[in-house]
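Visitor: I am new to this structure and would like to learn how to read it. Could you take me through it slowly, one feature at a time?

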Amino acid sequence: MPQTTFHIEEIAAEETLALRQAVLWPDHPRGFSRVENDAEALHLGGFLGARLIGVISLYDEGDSARIRKFATLPEEQGKGYGSALFSEALARAQAAGHRRVWLSGRETARAFYEKRGFSVFGAPYEKEGLPYRALERDLTTGL
């Protein structure tokens, strides 16, 4: 049986919505997963063959970049695909000249981000009853 290869490519904002909704907010309508500035953001898709299995979006905020709506299909988590997608987003942010990258992450994913050099800042908060933390990483010291 041939092995399916993983690859990352830029995708349109609309292409992220079904996966965002299915993974992050399955009990909400698809539109809940839209972000106001989606049209201006960089969206990356992780594919196994032709199948979209992960998405991440990068928003330009001047010297900073913000990562939003990072999601990998549950059955594909823990296999390194999400890590590769996340690393690509960081590399793109750094290549674009951003000095810092930040995100709002679910508390359950905090260890994933801290393992990749992110530090918590600000107070914890909740969204839709789930605990979140803001995390950041300096990109001027390399990846």
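Guide: Let us begin with a definition: the radius of gyration is taken over C-alpha atoms, and the globule rule to set beside it is 2.2 Å times the number of residues to the power 0.38. For the 143 residues here, that rule puts a compact globule near 15 Å, and the protein has 15 Å, which agrees. Along the principal axes, the C-alpha atoms fill a box of roughly 45 × 35 × 30 Å. Please keep in mind that this is a predicted model, in which local features need pLDDT of at least 70 and side-chain atom pairs count only at pLDDT 80 or more, while totals for chains, interfaces and linings use all residues. Residues are numbered from 1 along each chain as its sequence is written, and side-chain values use heavy atoms, with hydrogens and water left out.

Visitor: How many helices and strands are there in the protein?

Guide: Helices (H or I, at least four residues) and strands (E, at least two) are DSSP runs, numbered from the N terminus. The protein has 3 helices and 7 strands, and along the sequence they follow the pattern β-α-β-β-β-α-β-α-β-β.

Visitor: In what order do the strands form the sheet?

Guide: Strands of a sheet pair through backbone hydrogen bonds, either parallel or antiparallel. Two strands are said to pair if DSSP finds at least two bridges between them. In this case 7 strands form an open sheet with mixed pairing, in the order 1-2-3-4-5-7-6. Strand 1 (6–11) and strand 6 stand at the edges with a single partner strand each, so one side of each is left without a neighbour in the sheet.

Visitor: Which strands run antiparallel, and which pair in the parallel sense?

Guide: Strand 2 and strand 3 are antiparallel over 7 bridges, and Leu48 stands opposite Arg51 in strand 3. Their hairpin has 2 residues between the strands, and Gly49 takes a positive phi near 65° there. Strand 3 is also joined to strand 4 by 7 bridges, again antiparallel, with Val55 opposite Ala71 in strand 4; this hairpin has 2 residues between its strands, and Gly62 in the turn has a positive phi of about 75°. Strand 6 and strand 7 run antiparallel with 6 bridges, and Glu128, in the turn of their hairpin, has a positive phi of about 55°. Strand 4 and strand 5, by contrast, pair in the parallel sense over 4 bridges, and Arg66 stands opposite Trp102 in strand 5.

Visitor: What volume does the largest pocket have, and which residues are the closest to its centre?

Guide: On a 1 Å grid over the protein atoms alone, a pocket is an open set of points where a 1.4 Å probe fits, with protein on both sides within 12 Å along at least five of seven lines, and lining residues have an atom within 4 Å of a point. Its volume is the space filled by probe spheres set on the points. The largest pocket has a volume of about 720 Å³, and of its 29 lining residues the closest to the centre are Leu24, Phe70, Ala71, Ala109 and Tyr113. Strand 4 gives the most to this lining, with 7 residues.
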